[in-house]
Amino acid sequence: MASVNKVIIVGNLGKDPETRTFPSGGRVCNVTIATSERWKDKQTGEMKELTEWHRVVFNDRLAEIAGEYLRKGSQVYVEGSLRTRKWTDKDGIEKYTTEIRADEMKMLGKREGMGGPSDDDGGYDSAPRRSAPPSRAPAAGGGAQRPASKPASGFDDMDDDIPF
């Protein structure tokens, strides 16, 4: 039987990324990401919240991008797999750490510190804002114009002579 080791999280960085470069030229970037779930307690009626912290490791080009663009509080989408590694601490005691090895990362939220306007509430992939709605060209065939006193809802300028 086949098995699957896939993790998807969306959360916020708890602190700035820690990036290291190896003598071989490879890079690694470590972050901690918080995910939270909220619910209403059925017995008391009060809101409850549980925050889970995840260790995430980015390698090579993804480590470069994460180290350069992510900061404490940044919201990110991460896909990867769980990895458990064994290491020895300074006292010679063997320890285990389970972390997410990221294969994909998408930056979400605001573009703070990216050289653009900081009041933009769109995501990294958001389209530029328009300062005024686009002007409407008259319909072909000389259709009826909407009187200036009616609000522009998008349906006020439709003809009532619809044949169906």
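Start at Lys72. Beyond its neighbours within four places in sequence, Lys72 is in contact with Leu13, Gly14, Lys15 and Asp16. The model is predicted, and every value here is computed from it. Lys72 and Gly14 lie 58 residues apart along the chain, yet their C-alpha atoms are separated by 5.5 Å. Lys72 itself belongs to the loop between helix 1 and strand 5.

Is Lys72 buried or exposed? Its relative accessibility is 60%, so Lys72 counts as exposed, because the exposed class begins over 50%.

Ser74 is found in the loop between helix 1 (60-69) and strand 5 (75-88). Ser74 has a relative accessible area of 15%. The cut-off for buried is under 20%, so Ser74 is buried. Where does the side chain of Ser74 reach? It goes to the backbone oxygen of Arg71, at 2.8 Å. Setting aside neighbours within four places in sequence, Ser74 is in contact with Gly11, Asn12, Leu13 and Tyr69.

Now step back to the whole chain. It holds 1 helix and 6 strands. Their order along the sequence is β-β-β-β-α-β-β. Take the contacts with a separation of 6 or more: residues 24 or more positions apart account for 49% of them. Of the 164 residues in the chain, 23% are buried.

The largest nonpolar core has 17 residues. Within this core, the residues with the most contacts are Ile33, Val56, Phe58, Val78 and Met105. Which elements supply at least two residues each? They are strand 1 (7-13), strand 3 (27-40), strand 4 (47-59), helix 1, strand 5 and strand 6 (94-108).

Val78 shows how these pieces meet. Leaving out its neighbours within four places in sequence, Val78 is in contact with Val7, Ile8 and Ile9, among others. Its list also includes Ile33, Val56, Phe58 and Met105. Ile100, Ala102 and Glu104 are on the list of Val78 too.

Finally, the rings. How many aromatic pairs does a search of the whole structure find? The count is 0. The charged end of Lys106 sits over the ring of Tyr77, 5.7 Å from the ring centre.

Terms used. Residues numbered from 1 in each chain as written. Predicted model: local features only at pLDDT ≥ 70, side-chain atom pairs only at ≥ 80, totals over all residues. Heavy atoms only, no water. Helix = DSSP H or I, 4+ residues; strand = E, 2+ residues; numbered from the N terminus. Buried < 20%, exposed > 50% of the residue type's maximum accessible area, 1.4 Å probe, protein only. Polar contact = N/O pair within 3.5 Å; in protein donor to acceptor, adjacent residues only side chain to side chain. Contact = heavy atoms within 4.5 Å. Phe/Tyr/Trp six-rings, centres within 6.5 Å; stacked < 30°, edge-to-face > 60°. Lys NZ or Arg CZ within 6 Å of the ring centre and 35° of its normal. Core = buried A, V, L, I, M, F, W, Y, C linked by side-chain atoms within 4.5 Å.
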